[in-house]
Amino acid sequence: MTAEGHDSAPADIELRVAALEKVMIEAGLVASDTIDAIVDTYENQVGPHLGAAAVARAWVDEDFRRRLLDDATTALAELGIGGVQGEVVVAVENTERVHNAVVCTLCSCYPWPVLGLPPAWYKSPPYRARMVREPRAVLAEMGLQLDPDVEIRVWDSTAEIRYLVVPRRPAGSEGMEEEDLAALVTRDSMIGTGEPRLPS
Ligand code: FE
């Protein structure tokens with residue numbers, strides 16, 4: 001485990017980050033433009049639309065689907081998707097009988113290149129603790145009622161491996177174009193705490 005991956009965050013983390021940034025800029029180690037560019041990248045450019053594009057491709061292209069499930073890191077690279085906090089991505093596919101959901105019990109490991117930055121609830125201690133103990137209850141509270149027959153598999157992310165859930169293609173989406181399908185794929189459906197939107 002790396003310190004970056006699994007130390008708990010101190011309460012004054014934002015002050016510490018600001019102080020570090022100031023020292024590094026003053027020492028000429030980084031330019032403030034560089035930091036602004038990184039923040040902009042993860043706030044505005046990298047986001048769930050990238051994961052959604054990959055899921056939609058898997059829905060329409062059986063060969064890509066196989067490659068994605070076999071080795072997601074390499075398959076995502078075909079779409080130009082990859083980078084820090086996602087050096088190794090594993091895709092797990094929902095089926096009629098199995099529902100996958102992702103958590104990081106130790107901190108907030110999350111597949112940044114496909115989903116962007118994690119939502120606050122993903123990082124919250126209750127989600128991290130309860131998702132492994134009582135996933136069905138947590139999912140129900142989040143609005144996802146699963147049939148009792150459906151097995152729930154919870155994947156615990158680490159600094160080394162990040163997971164991407166491939167949700168089931170919604171009924172009624174037959175014949176839709178890949179781009180329109182991507183618009184149905186929500187962030188939460190790729191974490192496993194929600195389902196894709198239904199076609200309107
Ligand atoms: Fe983590």
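How does E178 count in terms of accessibility: buried, partly exposed or exposed? At 27% relative accessibility, E178 comes out as partly exposed. Keep in mind that this is a predicted model.

## Salt bridges across the chain

A search of the whole structure turns up 10 salt bridges. One of them joins the side chains of R57 and E178, with 2.7 Å from N to O. That pair connects distant parts of the chain, 121 residues apart: R57 sits in helix α4 (residues 48–60) and E178 in helix α11 (residues 178–182). R57 is partly exposed too, at 28% relative accessibility.

R130 and E141 also meet through their side chains, at 2.8 Å, N to O. R130 is partly exposed at 22%, while E141 is exposed at 57%. Then there's a network of salt bridges linking E62, R65, R66 and E93.

## Around helix α2

Within helix α2, E26 and K22 are four residues apart, about one turn of the helix. Their side chains form a salt bridge at 3.2 Å, N to O. Both ends are out in the open: E26 is exposed at 58% relative accessibility, and K22 is exposed at 52%.

There's a nonpolar surface patch as well, made of L20, M24 and L29, with about 300 Å² of accessible area together. L29 is in the loop between α2 (13–26) and α3 (32–45), and is exposed at 63%.

## A buried serine

S189, in helix α12 (residues 187–191), is buried, with a relative accessible area of 0%. A polar atom of the S189 side chain lies 2.7 Å from the backbone oxygen of T186. Beyond its neighbours within four places in sequence, S189 contacts V165, P167, G194, E195 and P196.

Terms used
Residues numbered from 1 in each chain as written. Predicted model: local features only at pLDDT ≥ 70, side-chain atom pairs only at ≥ 80, totals over all residues. Heavy atoms only, no water. Patch = residues over 30% accessible without salt bridge, like charges linked within 9 Å, V, L, I, M, F, W, Y side chains within 5 Å. Areas by Shrake-Rupley, 256 points an atom, 1.4 Å probe, with all protein chains shown as cover. Salt bridge = Lys/Arg side-chain N within 4 Å of Asp/Glu carboxyl O. Helix = DSSP H or I, 4+ residues; strand = E, 2+ residues; numbered from the N terminus. Buried < 20%, exposed > 50% of the residue type's maximum accessible area, 1.4 Å probe, protein only. Polar contact = N/O pair within 3.5 Å; in protein donor to acceptor, adjacent residues only side chain to side chain. Contact = heavy atoms within 4.5 Å.
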